Amino acid sequence: MIFLTRKAEFSSAHYYWNDTWSPEENDRVFGKCANRNGHGHNYTLEVTVAGAVDRTSGFVVDLKELKDILEREIVSVYDHRHLNLEVPEFKTTIPTTENIAIAIWQRLDNKIPHAKLHRVRVYEMPDLFADYYGER
Amino acid sequence: MKAHLSRRYHFSASHRLHTEAYDSAQNRAVFGKCNNPHGHGHNYTVQVTLSGQVDPETGMVCNLGDLDAFAQTNLIARFDYTNLNTLDCFANKVSTTENLSIEIHRIFQAFPDAHLERVHVEETSNNSFDFTGEATPAPGTL
């Protein structure tokens, strides 16, 4: 079993807001992230897959194919978008780093041939990142 | 759903690797330039990994503001711009980054809002240490 990690980057806007709370409660819990005009980050995504090395190709997965999957399933949907306003899963969940990692897992699950999705890591900035391993 | 959150903090401190259990020659032989009597320093990076269920109301494992405030009080304020050897936690322990990792793990175990998975401490860009709380029998004496 080999673990292989591919990176991708996207730049997006977001804000944190829970509609069932008062504006004061949103400000208290989310602080400056609750600014409804939004703010943005350069996100770095690391997708780790696990699998056996194919004896003929020497690959776990074809990296070009994995790159194309990340571009099609994630980057083309998230990059230079406002996550709250333009990405469907964040109409009902808050686009925190944790929820972005979970959403990316759900978008990639069963889409990568010959390998098992092992970990989705999302860096919101170099000093803050979330990992999701598919756990309930 | 269970997710892991990692946050990195930075502090700068001096230290000296030295133990009374060795004589001067042994200290120099074992610790090399880290045994310089006047000490030396590092820019340390601490990476704390916490896990827990993502709260459906907040989308968070734990509130980052609360974690940062906890780290400011219990990590940064305690270690930044200090000489580690003068701190109580190193009164009877060599201030290696192994022992520092164990101490920082102890500190963050008191953070109440999530489960502490791992403490990763970078002493330089070439040296890093991880502690997950696993106890193993320790060789050596103090």
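**Figure 1. B:Arg8 and B:Glu122 meet in a salt bridge within chain B.** In this predicted model, the side chains of B:Arg8 and B:Glu122 come to 3.1 Å, N to O. B:Arg8 sits in strand S1 of chain B and B:Glu122 in strand S4 (residues 115-122) of chain B, so the pair ties together parts that are 114 residues apart in sequence. Are these two side chains buried or exposed? B:Arg8 has a relative accessible area of 18%, so the residue counts as buried. B:Glu122 is buried as well, at 19% relative accessibility. Both values fall under the 20% limit for a buried residue.

**Figure 2. A salt bridge joins two helices of chain B through B:Arg78 and B:Glu103.** Here the N to O distance is 3.0 Å. B:Arg78 belongs to helix H2 (residues 64-79) of chain B, while B:Glu103 belongs to helix H3 (residues 97-108) of chain B. The pair links distant parts of the chain, 25 residues apart. The two partners can be told apart by their accessibility: B:Arg78 is partly exposed, with a relative accessible area of 29%, whereas B:Glu103 counts as buried at 10%.

**Figure 3. A salt-bridge network in chain A includes A:Glu46 and A:Arg119.** Which residues make up the network? Salt bridges with shared partners connect A:Glu46, A:Arg119, A:Arg121 and A:Asp131. Take one of these links, between A:Glu46 and A:Arg119: their closest N and O atoms are 3.9 Å apart. A:Glu46 lies in strand S2 (residues 39-51) of chain A and A:Arg119 in strand S4 (residues 116-125) of chain A, so this pair ties together parts that are 73 residues apart in sequence. A:Glu46 is buried, with a relative accessible area of 11%, and A:Arg119 counts as buried at 16%.

**Figure 4. A:Asp127 reaches across to B:Arg8 in a salt bridge between the chains.** We meet B:Arg8 again here, the residue that also pairs with B:Glu122 in its own chain. The closest N and O atoms of A:Asp127 and B:Arg8 are 3.6 Å apart. How many salt bridges link chain A and chain B? The count is two. Polar contacts between the chains involve twelve residue pairs, with both residues at pLDDT 80 or more.

**Figure 5. Strand S5 of chain A pairs with strand S1 of chain B.** S5(A) and S1 (residues 2-15) of chain B run antiparallel and are joined by four bridges. In one of the pairings, A:Ala130 has B:Leu5 of S1(B) as its bridge partner.

**Figure 6. The contact between the two chains takes 23 residues from chain A and 20 residues from chain B.** Together the chains bury about 1,900 Å², with 54% of that on carbon and sulfur atoms. Which residues of chain A lose the most area to chain B? They are A:Glu98, A:Asp127 and A:Phe129, which together account for 32% of what the chain A side buries. Among the elements of chain A, helix H1 (23-30), helix H4 (97-108) and strand S5 (128-132) each supply at least two residues of the side that touches chain B. S5(A) gives the most, with five residues. By type, the chain A side divides into 13 nonpolar, five polar and five charged residues.

Definitions and conventions. Residues numbered from 1 in each chain as written. Chains lettered and ligands numbered in written order. Predicted model: local features only at pLDDT ≥ 70, side-chain atom pairs only at ≥ 80, totals over all residues. Heavy atoms only, no water. Contact = heavy atoms within 4.5 Å. Buried area = accessible area lost by both parts, 1.4 Å probe. Salt bridge = Lys/Arg side-chain N within 4 Å of Asp/Glu carboxyl O. Polar contact = N/O pair within 3.5 Å; in protein donor to acceptor, adjacent residues only side chain to side chain. Nonpolar A, V, L, I, M, F, W, Y, C, P; charged D, E, K, R; others polar. Pairing = 2+ DSSP bridges. Buried < 20%, exposed > 50% of the residue type's maximum accessible area, 1.4 Å probe, protein only.
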